[in-house]
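Look at the sequence and the structure below.

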Amino acid sequence: MTTILWFGLDLRLSDNPALAAAVARNQPIVPLFILDDEDAGDWAPGGASRWWLHGSLAAIGDDLARRGSQLVLRRGKAEAVLDGLLRETGATALYWNRRYEPWAKARNERLKKRVAARGVDARSFNAGLIHEPWSLQTQKGEPYRVFTPFWKAQRGAGVKETALPTPPRLPAPTDFPESDVLQSWALRPSTPDWAAGLRSVWTPGEQGAQKRLRRFAARAVFEYRDRRNMLGVEGTSRLSPHLHFGEIGPRQIWRALTTLAVTQTGDPMAGGVDTFLSEIAWREFSYHLLFHFPALTSEPLRREFDAFPWVNNPALLSAWQRGITGYPIVDAGMRELWTTGWMHNRVRMIVASFLIKDLLVDWRQGEAWFWDTLVDADLANNSASWQWVAGCGADAAPYFRVFNPSLQGANFDPAGVYVRRWLPELARLPNTFLHAPWKARPIELTDAGVALGTTYPRPIVDHASARDRALAAFKTLRTEGFRSGL
DNA sequence: TTTTGAGTTGTTCGA
DNA sequence: GTCGAACAACTCAAA
C-alpha cells in the first residue's frame with residue numbers, strides 16, 4: 001500500500017500538499033526525485049540551477065533522514081522511471097505537486113492517465129502558486145493579459161488555505177528502493193569550479209529559505225517600496241531561487257508578511273507589504289501567461305515581432321555576456337550574475353534593455369543566457385520578463401521606453417557602491433564619471449588608474465545613436481495582435 | 001453592445 | 001534646475 005511521493009519544484013516539507021496527503025494516507029512513503037533532463041529538452045536546468053539543485057536535494061535528503069525516511073534519486077525519463085519504481089515497490093498511490101512548464105504539464109497529464117489506468121491512485125496538488133492559472137479569469141472567462149486587473153483579482157481572492165504542518169516523521173517502507181548517489185549526478189561544477197561565488201552568497205534548502213524570509217520580514221519589507229531600487233543596499237528579499245525550487249511557497253510568504261503587517265499596524269498590506277506581494281503576483285502572472293500561452297518561452301506573443309530585424313552579432317552578445325560593454329552599470333550587473341548566479345531586479349531590466357534596444361540582439365539570446373547563469377532561472381518568469389522588456393509580451397513596455405544606462409546608474413547607484421563592488425578597476429573614479437567613464441578627461445582617468453580600451457573598455461555602442469536606431473526599428477512594426485493560445 | 005479609463009519599472013526636450 | 005508634455009496607437013477589462 002506504499003505511496004510514492006514524487007518531488008519536483010516543491011523541495012520542502014512545510015506546507016507541502018502532496019506530502020501532507022501522502023502522510024494522511026498512513027502508509028509507507030517512498031520520497032522520490034527524478035533528474036528528468038531528457039523530458040525537459042531545451043529547458044533542462046542550466047549550470048547555475050544545477051548547482052542549486054544539488055544543494056537543495058542534499059538539504060531535503062537530510063531533512064527526510066531526520067524524519068526516518070530517505071530520498072530516492074533516479075535519473076531518466078519520468079514515465080520509464082515511474083513504471084519501474086511502481087513495479088519495484090508495488091505502490092498503490094503516486095502523489096506530486098503540479099508543474100506548469102509546457103513540457104512537464106503535457107508529460108504529467110499523460111502519465112497520470114496511464115498510471116491511473118493501472119489502478120494507481122495518481123493525484124497532483126498545488127504547492128507552487130497562490131492560485132491555479134485556470135482559477136483566475138476575467139469576467140468574460142478569458143485569461144488576463146494585463147497585470148493590474150490580474151493583481152486586483154488575486155489580492156481580492158487572498159490566501160484561503162491554512163498552512164499545512166511539517167510532519168514529524170514519515171512512515172517508512174521495510175526497504176527503500178535503490179537510489180543514485182547525488183554526487184554521481186555531477187550537478188556541481190568541478191573543473192573549473194566556478195561556484196565559489198555562489199557558495200559564498202547562498203544556502204539552498206528549506207532552512208535557508210526560512211532564514212531569508214525571517215531576515216526580510218524583520219526589517220527590509222517595511223522599507224521595500226523605498227529601497228528595492230537602491231543597488232548599494234540589500235533592499236530586496238533574495239527569495240527568488242528558494243521560490244523557484246519550492247523550498248518556500250508563495251502562500252507561506254503571503255501569510256507570513258500579511259500576518260506581520262496586521263500585528264504591527266492593523267493593516268495586512270501596510271508598509272512595503274503591498275508592493276512586495278505585487279512582485280509575488282508578477283510571478284503568478286508569469287505562470288498564468290505560460291499556462292495559457294505556452295509559446296511564451298520561445299515565440300513573441302505579439303505576432304508582429306516575428307518580423308523584427310534583430311541583429312545577429314556574436315561579438316556584441318559575447319561582450320554583453322562577459323560584462324565588457326563599456327557601460328559600467330551593465331557590466332557590473334553581468335558580472336554580479338556570473339559571480340553569484342543572481343542579479344538585482346533593477347539591473348536585470350537595465351541589462352535586458354541594453355541587449356535588446358541598444359544592441360538589437362534577439363531577446364531569446366538573453367533569455368538563454370539568463371537560463372544558464374541564474375540560480376533562480378524560472379521558465380515562466382524568465383520568458384515573461386524578457387518578452388516584457390522586448391515589448392512583445394503581455395502588458396509590455398512601450399517601444400519608446402529605452403533605458404539610458406548611465407542615467408540609470410546615476411539614479412539608482414548614485415554613490416557608486418554597486419559599480420565599485422563589481423568593477424574594482426573603476427573603483428578610484430570619482431562618482432561624476434563612474435557611470436560614464438568616457439566622459440572623463442585623460443588626466444582624471446590616469447589619476448584613477450583607468451586606461452580606456454585597456455583596463456576597461458570603451459562603450460561598444462553610442463547610446464544616443466543606438467536609441468535612435470532602436471526607436472526607428474520598433475516604429476516599423478505594425479500591430480498584428482496576440483499570438484493564439486493554442 | 002458600446003463606451004470608457006487605464007495600462008510596473010523611461011527619456012528627452014523645451015519652456 | 002524643474003516641470004510637463006510628447007513619444008503611438010492599441011488592447012484590455014469592466015461598467
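## Around DNA strand B

In this predicted model, 16 residues lie around DNA strand B, and Phe 147, Thr 148, Trp 282, Asp 395 and Asn 404 come nearest. A residue is near a strand if its C-beta atom, placed from the backbone, lies within 6 Å of it. Helix 6 (147-157), helix 12 (273-292) and helix 18 (405-412) each give two or more residues to this surface. Helices are DSSP runs of H or I with at least four residues, strands are runs of E with at least two, and both are numbered from the N terminus.

Residues are numbered from 1 along each chain as its sequence is written, while chains are lettered from A and ligands numbered from 1 in the order in which they are written. Local features need pLDDT of at least 70 and side-chain atom pairs count only at pLDDT 80 or more, but totals for chains, interfaces and linings use all residues.

## Domains

Chain A is divided into domain 1 (3-127), domain 2 (128-160 + 205-291) and domain 3 (303-475), with bounds from an automatic or database domain assignment. The contact between domain 1 and domain 2 takes 18 residues from domain 1 and 19 residues from domain 2; two residues are in contact if their C-beta atoms, placed from the backbone, lie within 7 Å. On the domain 1 side, helix 3 (residues 47-65) gives the most, with six residues.

## Strand 1

Strand 1 (residues 3-7) pairs with strand 2 (residues 29-35) in the parallel sense over five bridges. Strand 1 also runs parallel to strand 4 (residues 93-97), joined by four bridges. Strands pair if DSSP finds at least two bridges between them. Trp 6 stands opposite Leu 32 in strand 2, and Thr 3 opposite Ala 93 in strand 4.
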